[in-house]
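Hi everyone, thanks for coming. Please have the viewer open, and we will walk through this one together.

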Amino acid sequence: MTNLVGAGWLACSLVLAGAVQAQTAAPSPVKPQATPGAAVAPLPKPAMERQEIRAQLLPRRYTTVAAEIGAKINRLPIAEGNAFRTGQLLVSFDCTLQQAQLQKAQAELDGAEQTLKSNQRLAELNSVGQLELDLSHAAVGKAKAEVGANRAVLNKCGVAAPFSGRVAEQKVREQQYVQPGQALLDIIDDSVLELEFLVPSSWLSWLRVGGKFQVQIDETRKSYPAKFIRIGARVDPVSQSVKVTAAIDGKFSELIAGMSGRVQVTPP
């Protein structure tokens, strides 16, 4: 019996010793270490750089011509879509009434000047008082002001083109009566077509006025040369973008304002 107990204790001791030895021999996990000179994954690009940059062709100058007087439109010599030159007549009003008012004011001025001349002669003969002479001077000044006011109104009976360009839209028709301030025509100067779009603010490190690139127009399915002409003065902190203005470099008859396309700029 004693021999059996001793044998049991010996077996248990051998099992425990083997377990301790196995635990001691098991290798501890080793943390991976960065290898010197290994490539680091690049940071993700801003959202602005990951999306397509779109732009629309805009005229260099554009405005809406409005009526300065209340009158009936007599003529619209330039049809919608046609070109015009600086100073060319765009709208002509029927100003018969304004012309008559100018003639009336001119007649009153002539009468006031004759009265003044007569009083001046009488004043040399001491036959008229100073008050009457002063009133004659005042009457002439008032009549001149009336003539000037009527001439200013008459000058507004025709609307001249402020710059060369084309009529984009006619908002009124001939023989229509318009009120002061009413829109008449939308005109554009498309001698140079411009592009306005946003670019990542990180491009400011290399972007310069005069830099060239390509823009692919959807309507023509062609690419055209363009160059930067203005860079915005402020960066949007939310989108990390800045507005830039470019211009089509050259004349292409198929391009018109309103077309849009994709900007093709390759950062250096």
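Predicted model: local features only at pLDDT ≥ 70, side-chain atom pairs only at ≥ 80, totals over all residues.

The chain has 268 residues, and buried residues make up 27% of them. You can pick out 4 helices and 12 strands as you turn the model around. As for the surface, the accessible area of the chain is about 17700 Å², and carbon and sulfur atoms account for 55% of that. Now a point about contacts: if we take the ones between residues at least 6 apart in sequence, 72% join residues at least 24 apart.

Okay, let's zoom in on S136. Where is S136 found? Look at helix α4, which covers residues 130-155, and you will see S136 there. Is S136 buried or exposed? Its relative accessible area is 5%, and the cut-off for buried is under 20%, so S136 counts as buried.

Who are the neighbours of S136? Leaving out residues up to four places away in sequence, S136 touches T115, L116 and N119. With N119 there is also a polar contact, side chain to side chain, at 2.3 Å. Then look at E132: its backbone oxygen is 3.0 Å from a polar atom of the S136 side chain.

Now for the rings. To describe a pair of aromatic rings, we give the distance of the centres and the angle of the planes. How many aromatic pairs does the structure hold? There are 5, and I will show you two of them.

Start with F197 and F213. Their ring centres are 6.0 Å apart and their planes are at 75 degrees, so we call this pair edge-to-face. F197 sits in strand β8, residues 183-200, while F213 sits in strand β9, residues 212-217, so this pair links distant parts of the chain, 16 residues apart. F197 is buried, at 4% relative accessibility, and F213 is buried too, at 6%.

F197 also pairs with F228, and here the rings are tilted, with 6.2 Å from centre to centre and 50 degrees between the planes. Since F228 is in strand β10, residues 222-236, and F197 is in strand β8, this pair ties together parts that are 31 residues apart in sequence. F228 is buried, as is F197.

Notes:
Residues numbered from 1 in each chain as written. Heavy atoms only, no water. Helix = DSSP H or I, 4+ residues; strand = E, 2+ residues; numbered from the N terminus. Buried < 20%, exposed > 50% of the residue type's maximum accessible area, 1.4 Å probe, protein only. Polar contact = N/O pair within 3.5 Å; in protein donor to acceptor, adjacent residues only side chain to side chain. Contact = heavy atoms within 4.5 Å. Phe/Tyr/Trp six-rings, centres within 6.5 Å; stacked < 30°, edge-to-face > 60°. Areas by Shrake-Rupley, 256 points an atom, 1.4 Å probe, with all protein chains shown as cover.
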